[in-house]
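Here are some exercises to work through with the model open beside you. Try each task before you read its solution.

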Amino acid sequence: MGRFKDLLTSQDNLILHGALGTELEYRGYDVSGKLWSAKYLLEDPQAIQDIHETYLRAGSDIVTTASYQATLPGLEEYGLSEEEAKAVIASTVSIAKAARDQVWSELAGEEQAKRPYPLISGDIGPYAAYLADGSEYTGAYGSVTKKELMDFHRPRIAILQDQGVDLLALETIPNLLEVQALVDLLASEFPGMEAYMSFTSQDGLSISDGTPIAEVAPLVDDSRQILALGLNCSSPSVYPSFLQGLRNYSQKPLVTYPNSGEVYDGASQTWTKDPDHSHTLLENTLEWQKLGAKVVGGCCRTRPSDIQILSSRLR
């Protein structure tokens, strides 16, 4: 096994890369459409590298590639050939590495000594991200089969592995069948790949398709390759009960990176309702650490300033 496992053992915390798509929005980019942030891999890859660099300067230990919504079928439907689509997915790793090289070269030796050399995490978003209908938050996948889900995820994992990512971020997973597909796919076809898996939840008791934690957590806990598990892009309010539920079935490190508490409307591709300002990301994370959170950060509608505060306090 590799550096992710080593750092989980040697570090008190690992600070994640923050939001990409909503950060592009904050910077004036239009992320509407099925490709969302991935269209800037085609139109303006420097914009993505700039955001990677911003998060690294803020203190992120893990650079998450911009492959969440970059899938072969999605890119091919956009008009690319299969080979062009594969090249775009591969480019997410070179962009992340270039950002890491740039920021690391800026740090003095004593600054480098205070933090681990950043990991590159290959982002494996859910099947829902390809559907682009907000089903990250419902898990409603219709009649898709486990085999179809494995076929969907296989080529992107293969490309990211070939490009040398340190781990996979199996993130925003809302559906039990997809959990099973990813666990089995790693074990059968990518046995050397390390990963973490994070779900979405609407009630703190189940993942978004309604599957209870008691049914999901043991599947992930049994995986030799999934080294941490948790929750992302969900309201901060559901984290305490969900994390406690995970802890009842697994002693693996926990992963936390909430959204702002706003609600995503898949039909209009907009965020609705008010953010949760009852606690800061730092305040929440400090509480979640008591339940075992170790891989921590922020997701949609959080900002680099949130990551900087988190990094400064936790380091």
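**Before you start**

The mean pLDDT of the protein is 92, and 93% of its residues reach 70 or more; pLDDT is the predictor's confidence in each residue, from 0 to 100. Over residues 261-271 the pLDDT is below 50, although this stretch has 34 contacts in the model beyond near neighbours in sequence (contact means heavy atoms within 4.5 Å). Where pLDDT is low, the predicted coordinates should not be read in detail. This is a predicted model, in which local features need pLDDT of at least 70 and side-chain atom pairs count only at pLDDT 80 or more, while totals for chains, interfaces and linings use all residues. Residues are numbered from 1 along each chain as its sequence is written, and side-chain values use heavy atoms, with hydrogens and water left out.

**Exercise 1. Describe the setting of Ser135.**

Step 1. Locate Ser135 in the loop between helix H8 (127-131) and helix H9 (146-162).

Step 2. Ser135 is buried, at 2% relative accessible area; buried means under 20%, exposed over 50% and partly exposed in between (1.4 Å probe, protein chains only).

Step 3. List what Ser135 touches: Ala128, Ala140, Tyr141 and Pro174, leaving aside residues up to four places away in sequence.

Step 4. Find the polar contact between the side chains of Ser135 and Asp133, at 2.6 Å. The term covers a pair of N or O atoms within 3.5 Å; within protein, one must be able to donate a hydrogen and the other to accept it, and residues adjacent in sequence count only if both atoms are side-chain atoms.

**Exercise 2. What is the phi of Ala132, and that of Cys233?**

Step 1. Most residues other than glycine have a negative phi.

Step 2. Phi of Ala132 is near 55°. Ala132 is in the loop between H8 and H9 and counts as buried at 19% relative accessibility.

Step 3. Cys233 has a positive phi of about 45°. This cysteine lies in the loop between strand E6 (226-232) and helix H12 (239-247), and is buried at 3%.

**Exercise 3. How many disulfides does the structure hold?**

Step 1. Apply the cut-off: a disulfide is a pair of cysteine sulfur atoms within 2.5 Å.

Step 2. The structure holds zero disulfides. For Cys299, the nearest cysteine sulfur is that of Cys233, 3.8 Å away.

Step 3. Cys299 is buried too, with a relative accessible area of 11%.

Conventions:
Helices (H or I, at least four residues) and strands (E, at least two) are DSSP runs, numbered from the N terminus.
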